[in-house]
Amino acid sequence: MASSDQDLVPVLDKDGVRLTVDDAIATVTLTNPAKRNAQSPALWRALTEAVRQLPGSVRVVVLRAEGKSFSAGLDRQAFTPDGFDGEPSFVDLARGADAELDATIAEYQEAFTWWRRSDIVSVAAVQGHAIGAGFQLALACDLRVVADDVQFAMRETSLGLVPDLTGTHPLVGLVGYARALEICVTGRFVAAEEAVNTGLANVAVPAGQLDDTVRDLTAAVLAAPRDAVVETKALLRGAQDRTYEEQRAAERQSQARRLRDLAGVGD
């Protein structure tokens, strides 16, 4: 992060989300620390809009949050009869047709899916509480750097719901089925040491070192040629869905593309 996020002119700044771009690095910041960056449908739409504003030069997207908490999860106002101004309440959505409810949840999920795109590497810088939707937003990213005060928790099941913002797939992939089930159904906190030991986080550092650590990681990612990073990310992301032999074939195909590119030979 060559420039401070606050020093750059925002490309997007609305509904608790600010997007800034500094050449190959984009920073998405949650900007409602007074409410511990609680999430709402408007915030999710802003996150979805952010990806549409990314220029082609961007290779790394850093997700961070202002204040002591990364995100306390869904704003509980969503469960009140009035909901949010200008938004249908969750109570109203529950009374609607199945197709409408499914489409609405799918729209919400869009805010959590684009971080996995092969052409970018996404890095979440997480401090304090990352609960429910906050946990799932951190899980949406490729990499997680956490402060030593981090507290992950998946509280949906404790509230009679299920995690539905795309977090279950990466959670099981990172920690395995049994631990993922235990984390979800108990709703307990996962602190920094356990997060690193189980693969939820790449590294934990003192809170004062969080920005510098993310900056160093970002620089290391950018040091590798872009096309090789894109190919490697796609290769690794597909590994879980392939057999061993299929992955061998995918490696050969990817390497053939890289060799031809380096040699200046067309396909």
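**Exercise 1. Describe how helix α1 packs against helix α3.**

*Solution.* Start with the geometry. Two packed helices are described by the angle between their axes and the distance between the axes. For α1 (residues 41-52) and α3 (residues 98-113), the axes come within 8 Å and cross at roughly 50 degrees. Here axes are lines fitted to C-alpha atoms, for helices over the stretch in contact, and angles run from 0 to 180 degrees between N-to-C directions. Helices (H or I, at least four residues) and strands (E, at least two) are DSSP runs, numbered from the N terminus.

Next, classify the angle. Under 35 degrees counts as roughly parallel, over 145 as roughly antiparallel, 65 to 115 as roughly perpendicular and the rest as oblique. The pair α1 and α3 is therefore oblique.

Then take the hand. The crossing of α1 and α3 is left-handed; that is the name if the near helix is turned anticlockwise from the far one by less than a right angle, with right-handed if clockwise.

Finally, list the partners. From α1, Pro41, Trp44, Arg45, Leu47 and Thr48 meet Glu107, Tyr108, Glu110, Ala111 and Phe112 of α3, where contact means heavy atoms within 4.5 Å. Sorted by class, the contact of α1 with α3 has six nonpolar, one polar and three charged residues. In this sorting Ala, Val, Leu, Ile, Met, Phe, Trp, Tyr, Cys and Pro count as nonpolar, Asp, Glu, Lys and Arg as charged, and the others, Gly among them, as polar.

A word on the ground rules: this is a predicted model, in which local features need pLDDT of at least 70 and side-chain atom pairs count only at pLDDT 80 or more, while totals for chains, interfaces and linings use all residues. Residues are numbered from 1 along each chain as its sequence is written, and side-chain values use heavy atoms, with hydrogens and water left out.

**Exercise 2. How are α9 and α10 oriented, and which residues meet?**

*Solution.* The axes of α9 (residues 226-237) and α10 (residues 244-263) come within 10 Å and cross at roughly 170 degrees. The helices α9 and α10 are therefore roughly antiparallel.

In α9, Asp227, Ala228, Glu231 and Leu235 meet Gln247, Ala250, Glu251, Ser254, Arg257, Arg258 and Asp261 of α10. These residues divide into three nonpolar, two polar and six charged.

**Exercise 3. Locate Asp15 and Arg36 and describe their backbone and accessibility.**

*Solution.* Asp15 lies in the loop between β1 (12-14) and β2 (17-22). Although Asp15 is not a glycine, its phi is positive, about 50 degrees. With 45% relative accessibility, Asp15 is partly exposed.

Arg36 belongs to the loop between β3 (25-30) and α1. Its phi is near 55 degrees, again a positive value in a residue other than glycine. Arg36 is partly exposed too, at a relative accessible area of 39%.

**Exercise 4. Find the surroundings of Leu217.**

*Solution.* Leu217 is in helix α8 (residues 210-223) and is partly exposed at 25% relative accessibility. Not counting residues up to four places away in sequence, Leu217 touches Val123, Leu143 and Val145. Gly83 is 134 residues from Leu217 in sequence and 40 Å away in space, C-alpha to C-alpha.

**Exercise 5. Step back to the whole chain: how many helices and strands are there?**

*Solution.* The protein chain has 10 helices and 10 strands. Of its 267 residues, 46% count as buried. Its C-alpha trace spans about 65 × 45 × 35 Å along the principal axes.

Notes: Buried < 20%, exposed > 50% of the residue type's maximum accessible area, 1.4 Å probe, protein only.
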